[in-house]
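Reader: I'd like to learn how to read a fold from its strands, helix packing and core. Can you walk me through one?

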Amino acid sequence: TRVAGIAGNPVIHSLSPLIHNAWIEAAGLDAVYVPFAPQADDFVRFAEGLRGGSVRGLNITMPFKEAALSVANQASQRATLAGAANLIVFNADGTIVADNVDGLGLLEAFAAQAPGVDVTSGPVVVIGAGGAARGAAAAFAQAGCPEVRVVNRTLARAEMIAGALGEQARAFALSDCEKAFDGARAVVNATSAGLAGQEGLSVPLEATPVDCAVMDMVYKPLITPFLQRAQALRRPTVDGLEMLVRQAIPSFEALFGAPPPASVDARAICLEAI
Ligand code: ATR
């Protein structure tokens, strides 16, 4: 039986086991995808103990994405640029290889839900400056976006991300959001302000061009107050669940060595659970 899984804390609300185990079952694989919740300060010891491949690999979620990159012997360029890993593989020779397919999931989600918008053909805006924001900004930069605008309440944190990404990236304070929205092809909310129970992020979305695609990385609720405002303005919208499902595809391939079976509607399975 091949064992893989996800490490996070908390991990109980993760939809990844639901997605991967549905794929495993449909593909008839002798495998299982398990949630792991190491103590917050204990991830490195946990991962070190898995060297050798008794567990084939792990998706990584909060708060371990940076630590997962740090334990790896080898990392992909996209993981290095994102400063985080959402996927690590334990090789039989004892090495750990880190990757990050969140950015792929982000871009595929835009392609699926806003197919008319070429997000790499003009400026894009990422709001927030935590790990999720850095990953999104790195994905756009690597995809060749001519300008990545990082907007954050605390300007200094946006400047750190922009500095790490190089010349294509610029930092804006949240109070300058309107300027950042000028001419934007896409806007991504990567702040925690859309989470259930929190008041949504209040930004002047009406300052975006009418065909600007608007995404929220939060998917609980699926349509956050931020996405509701974008829909009211008739902007094309992209939800965080699509990103989650899209990053799961390359994750499954890396962990189980085969593409997920097309017969399973992973999004529908998740929608029933949220
Ligand atoms: P992550 O979980 O992606 O690593 P984080 O480090 O928890 O993110 O950061 C959360 C992000 O949401 C930050 O960019 C934060 O802004 P600050 O850097 O100024 O703290 C942003 N954020 C959270 N609540 C917000 C709110 N109500 N309005 C604006 N930004 C908010």
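This is a predicted model: local features need pLDDT of at least 70, side-chain atom pairs count only at pLDDT 80 or more; totals for chains, interfaces and linings use all residues.

Reader: Which residue of S6 does Gln 74 stand opposite?

Author: The general idea comes before the case. Strands of a sheet pair through backbone hydrogen bonds, in either parallel or antiparallel fashion. Here, Gln 74 faces Val 97 in S6.

Reader: What is the order of the strands in the open sheet, and which are the edge strands?

Author: Read across, the six strands go S2-S1-S3-S5-S6-S4, and the pairing is mixed. Strand S2 (31-36) and strand S4 (74-75) are the edges, since each pairs on one side only.

Reader: Which strands does helix H1 lie across?

Author: Helix H1 (residues 16-27) lies across strand S1 (2-7), S2 and strand S3 (57-60). Against S2, H1 runs at about 175°.

Reader: Now the largest nonpolar core: which members touch the most others?

Author: The core has 96 residues, and Ala 85, Phe 110, Val 126, Ala 137, Val 150 and Ala 186 touch the most other members. Both domain 1 (2-100) and domain 2 (103-241) contribute residues, so this core lies between them.

Reader: What is Phe 110 in contact with, leaving aside neighbours within four places in sequence?

Author: Phe 110 contacts Val 117, Val 119, Ala 186, Ala 213, Met 215 and Val 238.

Reader: And what does the UniProt annotation say about residues 240-268?

Author: The unreviewed UniProt entry labels residues 240-268 "domain: SDH C-terminal". In the model that span is 69% helix and 0% strand, with its end C-alpha atoms 14 Å apart.

Terms used. Residues are numbered from 1 along each chain as its sequence is written. Two strands pair if DSSP finds at least two bridges between them. Helices (H or I, at least four residues) and strands (E, at least two) are DSSP runs, numbered from the N terminus. Two residues are in contact if their C-beta atoms, placed from the backbone, lie within 7 Å. Axes are lines fitted to C-alpha atoms, for helices over the stretch in contact, and angles run from 0 to 180 degrees between N-to-C directions. A nonpolar core is a set of buried Ala, Val, Leu, Ile, Met, Phe, Trp, Tyr and Cys residues joined through C-beta atoms within 7 Å. A residue is buried if 20 or more other C-beta atoms lie within 10 Å of its own, exposed if 12 or fewer, and partly exposed in between; C-beta atoms are placed from the backbone. Domain bounds come from an automatic or database domain assignment. UniProt positions are given in the numbering used here, feature names are shortened, and annotations may be inferred rather than shown by experiment.
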